[in-house]
Amino acid sequence: MPVVWSPMTRAHDPQNEVWVGVATIGTEVAARVDAILSAVTESGHPLTEATAHPDDVLARVHEQSMLTFLAEAAERWRQGPYVDLVGQSRVVPYLFPTPAMTAGLPTRPAVAVHAEAGTYAYDTMTLVGDGTWEAARAAVDCALTAADLVLAGERAAYALCRPPGHHATPAGFGGSCYLNNAAVAAEALRVGGHDRVGIIDIDAHQGNGTAAIFYDRGDVLYGSVHVDPAAGWFPHIVGYADETGTGDGADCTRNRPLPEGTADESWLEAIGDLADWVVAAGCSALVVSLGVDAAVDDPESPLMITGDGYRAAGSILSATGLPAVVVQEGGYHLPSLGSLVAAYLHGHATGVVSAP
Ligand code: SP5
Ligand code: ZN
């Protein structure tokens with residue numbers, strides 16, 4: 001399976017994730033790119049460098065105000081007092097203008113970048129520094145280049161996107177995500193002539209950004225299997241089974257939350273259900289949000305999926321027979337990250353269903 005990547009995706013270095021007010025070492029690191037690159041190269045998948053694409057498809061997914069903020073935030077921060085004053089070199093939000101604050105009053109955009117950040121950043125874990133915009137935009141180019149390959153007749157192509165994207169909403173970034181690569185891939189497939197596209201998200205966390213982008217649309221289905229937010233896991237407030245879409249998108253969203261500790265068998269059953277669903281709905285192309293953080297060793301989730309499980313997931317999604325853009329999402333255990341991705345790609349490329 002062709003692997004699309006970009007050296008620019010290494011440029012984002014969040015350094016820290018501010019979690020419960022404490023700067024912890026970030027897990028969404030540039031070394032993820034090289035861990036994946038070396039494993040997929042070893043497995044014999046051909047590498048292709050992403051080509052630069054215009055902003056038109058990206059602009060169908062995100063509001064211009066957030067794109068402008070992300071493109072300019074690091075420079076605005078550098079020109080502010082933050083490094084000298086408190087030694088903070090990354091953009092960290094300071095307040096969040098939620099309805100609890102605005103409370104029906106007329107409001108204006110915040111002038112200070114530390115205050116404006118909370119208009120778009122919805123958590124404190126997704127910092128912006130030099131290179132963040134360039135890397136996130138390069139990841140979008142990876143997704144678009146992989147979509148081009150599929151539109152040109154490849155059965156499947158893998159986009160080594162980093163930073164990941166499925167938590168990025170139309171006008172919000174969070175969960176280590178800035179630009180929604182999978183949503184961009186789905187839009188590219190739509191523009192390229194597929195009338196109905198299915199997205200299946202097997203990252204350990206529900207992709208609230210992708211869900212939000214397509215919640216009221218009937219032309220892109222979103223299905224996700226993830227650790228149950230009701231057990232206290234990110235994204236906490238969405239991802240429940242009774243969220244099924246609205247308006248034209250009624251019944252076009254499907255969440256399959258799973259309990260902590262879930263192992264291969266029930267996880268694969270849920271993926272099989274999502275696969276049957278997108279096929280029955282008449283989708284002609286597929287986007288896979290491939291997070292490998294559901295793996296047993298991953299520090300960010302309590303699911304217990306094995307490498308064989310990921311291989312079987314690839315086989316199940318390959319058996320849909322749909323042309324597929326596979327987009328990298330999460331996965332943070334550096335020693336196993338590459339082999340988990342390779343296991344999925346092997347299953348998807350060969351289509352052999354191995355017993356769970
Ligand atoms: C794309 C993706 O997988 N994003 C992950 C979002 C979940 N992050 C929530 C992190 C919760 C805090 N974890 C402990 C961090 C200590 N450094
Ligand atoms: Zn995740």
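Predicted model: local features only at pLDDT ≥ 70, side-chain atom pairs only at ≥ 80, totals over all residues.
Which hand does the crossing of α10 and α11 have, left or right?

1. **Helices α10 and α11.** To take up the opening question, the crossing of α10 and α11 is right-handed. Helix α10 covers residues 264-280 and helix α11 covers residues 307-318; their axes lie 10 Å apart, at an angle of about 15°. Angles under 35 degrees count as roughly parallel, and α10 and α11 are therefore described as roughly parallel to each other.

2. **Who meets whom between α10 and α11.** On the α10 side you will find Asp264, Trp267, Leu268, Ile271, Gly272 and Ala275, and these meet Asp308, Gly309, Tyr310, Ala312, Ala313, Ile316 and Leu317 of α11. Sorted by class, the residues of this contact are 9 nonpolar, 2 polar and 2 charged.

3. **Helices α11 and α12.** Helix α11 also packs against helix α12 (residues 334-350), with the axes 6 Å apart and an angle of about 35°. This crossing, too, is right-handed. From α11, the contact takes in Gly307, Tyr310, Arg311, Ala313, Gly314, Ser315, Leu317 and Ser318; from α12, it takes in Leu340, Ala343, Tyr344, His346, Gly347 and His348. The class count here is 6 nonpolar, 7 polar and 1 charged. If you have Tyr310 on screen, note that this residue belongs to the contact with α10 and also to the contact with α12.

4. **Helices α7 and α8.** Another pair to look at is helix α7 (residues 132-151) with α8, whose axes come within 9 Å and cross at roughly 35°. The crossing of α7 and α8 is right-handed. α7 contributes Ala136, Ala139, Val140, Ala143, Leu144, Ala147, Val150 and Leu151, while α8 contributes Asn181, Val184, Ala185, Ala188 and Leu189. By class, that makes 12 nonpolar residues, 1 polar residue and no charged ones.

5. **Aromatic rings.** The model has 5 aromatic pairs. In one of them, the ring centres of Trp77 and Tyr82 are 3.8 Å apart and the planes are at 20°, so the pair counts as stacked. Trp77 and Tyr82 are both buried. Elsewhere, one aromatic cluster is formed by Phe69, Tyr120, Phe173 and Tyr178.

6. **Two cis peptide bonds.** Pro163 sits in the loop between β5 (156-159) and α8 (181-191). The other is Pro235, where the bond from Phe234 is cis and omega is about 5°. You will find Pro235 in the loop between β7 (220-227) and β8 (253-258).

7. Gln15 is not a glycine, yet its phi is positive, near 70°. Gln15 belongs to the loop between β1 (3-5) and β2 (16-19) and is partly exposed, at 39% relative accessible area. Ser176 is likewise not a glycine, and its phi is positive at about 70°. Ser176 lies in the loop between β5 and α8, the loop that also holds Pro163. Is Ser176 buried or exposed? Residues under 20% relative accessible area count as buried, so Ser176, with 12% relative accessibility, falls in the buried class.

8. **Phe96 in its loop.** Phe96 is placed in the loop between α4 (82-86) and α5 (99-102), where it is partly exposed, with a relative accessible area of 30%. Leaving aside residues up to four places away in sequence, Phe96 touches Met101, Gly118, Ala121, Tyr122, Asp123 and Thr124. Leu58 lies 38 residues from Phe96 along the chain, and the C-alpha atoms of the two are 25 Å apart.

9. **Asp273 on α10.** To finish, come back to helix α10, which holds Asp273. Asp273 counts as partly exposed, at 25% relative accessibility. Which residues does Asp273 touch, not counting residues up to four places away in sequence? They are Arg254 and Arg256. Val225 is 48 residues away from Asp273 along the chain, with a C-alpha separation of 9.9 Å.

Key. Residues numbered from 1 in each chain as written. Chains lettered and ligands numbered in written order. Heavy atoms only, no water. Axes fitted to C-alpha atoms, helices over the stretch in contact; angles between N-to-C directions. Helix = DSSP H or I, 4+ residues; strand = E, 2+ residues; numbered from the N terminus. Parallel < 35°, antiparallel > 145°, perpendicular 65-115°, else oblique. Left-handed = near helix turned anticlockwise from the far one by under 90°. Contact = heavy atoms within 4.5 Å. Nonpolar A, V, L, I, M, F, W, Y, C, P; charged D, E, K, R; others polar. Phe/Tyr/Trp six-rings, centres within 6.5 Å; stacked < 30°, edge-to-face > 60°. Buried < 20%, exposed > 50% of the residue type's maximum accessible area, 1.4 Å probe, protein only.
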